[in-house]
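Subject: Structure for your study

Dear colleague,

Please find below the structure that I am handing over to you. I would be grateful if you kept it open while reading the notes that come after it.

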Amino acid sequence: MKEEQKTQKLQPRRAEVLFIGINTSKVSALVKHIKFVHGNGYSSEELADFRQIIWKNLLEKSRGVVQALRTFDLEPMNHANEGNCEYIMNHRMDIDNPEFSFLPEFIHAVQELWADEIISVLLERSSELSMDNDAAYFFVHAQRISAREYVPSSQDILRVTEKPGLCVTEIDNPILSRLLWVNTRWNTWKKWMHQFDGVSSIVFCASLSDYDQEVNDIDNHTLLTDSLLLFESIVNSILLLPVRTPIILLLTELDKFTAKLDNVPRKLQITRV
């Protein structure tokens with residue numbers, strides 16, 4: 001009996017870690033990657049559950065491209081794509097229906113539009129619309145993703161954009177028990193502050209690639225500005241708690257940030273709001 005008690009005392013307490021950042025900071029991708037590498041991965045049922053999220057991503061990103069073209073008054077070089085734009089925006093589909101599948105006509109319209117020469121012109125101005133860095137991935141793989149027997153790959157799951165909110169990921173690991181993660185806006189995060197109690201540490205994620213992604217109509221205000229404001233707000237609030245929780249700052253998307261610097265040089269300026 002004493003030997004069992006001694007063994008239990010020697011076993012480390014499994015940690016709960018909270019990951020937080022704005023929606024573009026890749027918080028969800030980081031947590032999923034940890035589950036793939038250090039946990040038990042995803043079951044076939046869990047993989048199937050991601051299909052609807054990925055299908056919605058493909059639909060939303062497709063319509064986002066059409067809306068961006070219209071915002072900048074850019075017309076497709078291929079006149080057939082004018083009709084494809086209308087089809088993408090107006091075609092109704094019930095992705096929540098268990099029997100849902102994309103029509104071949106929709107996927108054809110998406111791929112034809114993405115192949116249009118005007119897209120390269122649009123991408124040069126992507127920072128003005130905060131376009132998703134992973135949008136191209138879903139268009140390139142639209143045919144595979146739309147297949148009726150489609151099963152999401154690990155890359156599909158890592159690149160999917162999740163809606164703002166709080167999620168909990170269970171980890172089968174001797175050190176970690178649960179990963180809590182929050183996608184949020186810098187001025188709305190406090191609704192989840194009660195989740196900070198009891199966590200072993202907080203990992204704050206910020207995407208360096210957001211430095212040129214403009215938001216609102218404020219001069220020099222980018223998505224990276226939002227991340228910095230969120231970080232400041234969290235740190236100042238944590239200091240008021242009775243228990244000091246360690247905070248780890250994690251800068252993500254270094255590869256995309258480095259690639260952008262050659263084409264989009266810019267000083268980092270922080271606008272106080």
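Predicted model: local features only at pLDDT ≥ 70, side-chain atom pairs only at ≥ 80, totals over all residues.

Residues are numbered from 1 along each chain as its sequence is written, and side-chain values use heavy atoms, with hydrogens and water left out.

Helix α3 spans residues 44-71 and helix α5 spans residues 104-114. Helices here are DSSP runs (H or I, at least four residues), numbered from the N terminus. The axes of α3 and α5 are 11 Å apart and form an angle of about 45 degrees; such axes are lines fitted to C-alpha atoms over the stretch in contact, and angles run from 0 to 180 degrees between N-to-C directions. The two helices α3 and α5 are therefore oblique to each other (under 35 degrees counts as roughly parallel, over 145 as roughly antiparallel, 65 to 115 as roughly perpendicular, and the rest as oblique).

On the α3 side, the contact (heavy atoms within 4.5 Å) involves Leu-58, Leu-59, Ser-62, Val-65, Val-66 and Leu-69. Their partners in α5 are Phe-106, Ile-107, Val-110, Leu-113 and Trp-114. Of the residues in this contact of α3 with α5, 10 are nonpolar, 1 is polar and none is charged (Ala, Val, Leu, Ile, Met, Phe, Trp, Tyr, Cys and Pro count as nonpolar, Asp, Glu, Lys and Arg as charged, and the others, Gly among them, as polar).

The model has 4 salt bridges, each being a side-chain nitrogen of Lys or Arg within 4 Å of a carboxyl oxygen of Asp or Glu. One of them joins Lys-56 and Asp-96 at 3.0 Å, N to O. Lys-56 lies in helix α3 and Asp-96 in the loop between α4 (80-90) and α5, so this pair ties together parts that are 40 residues apart in sequence.

Another salt bridge links Glu-86 with Arg-70 at 2.8 Å, N to O. Since Glu-86 belongs to helix α4 and Arg-70 to helix α3, the parts tied together are 16 residues apart in sequence. Glu-86 is partly exposed, with a relative accessible area of 42% (buried means under 20%, exposed over 50%, partly exposed in between, with a 1.4 Å probe and protein chains only). Arg-70 is also partly exposed, at 38%.

Yours sincerely
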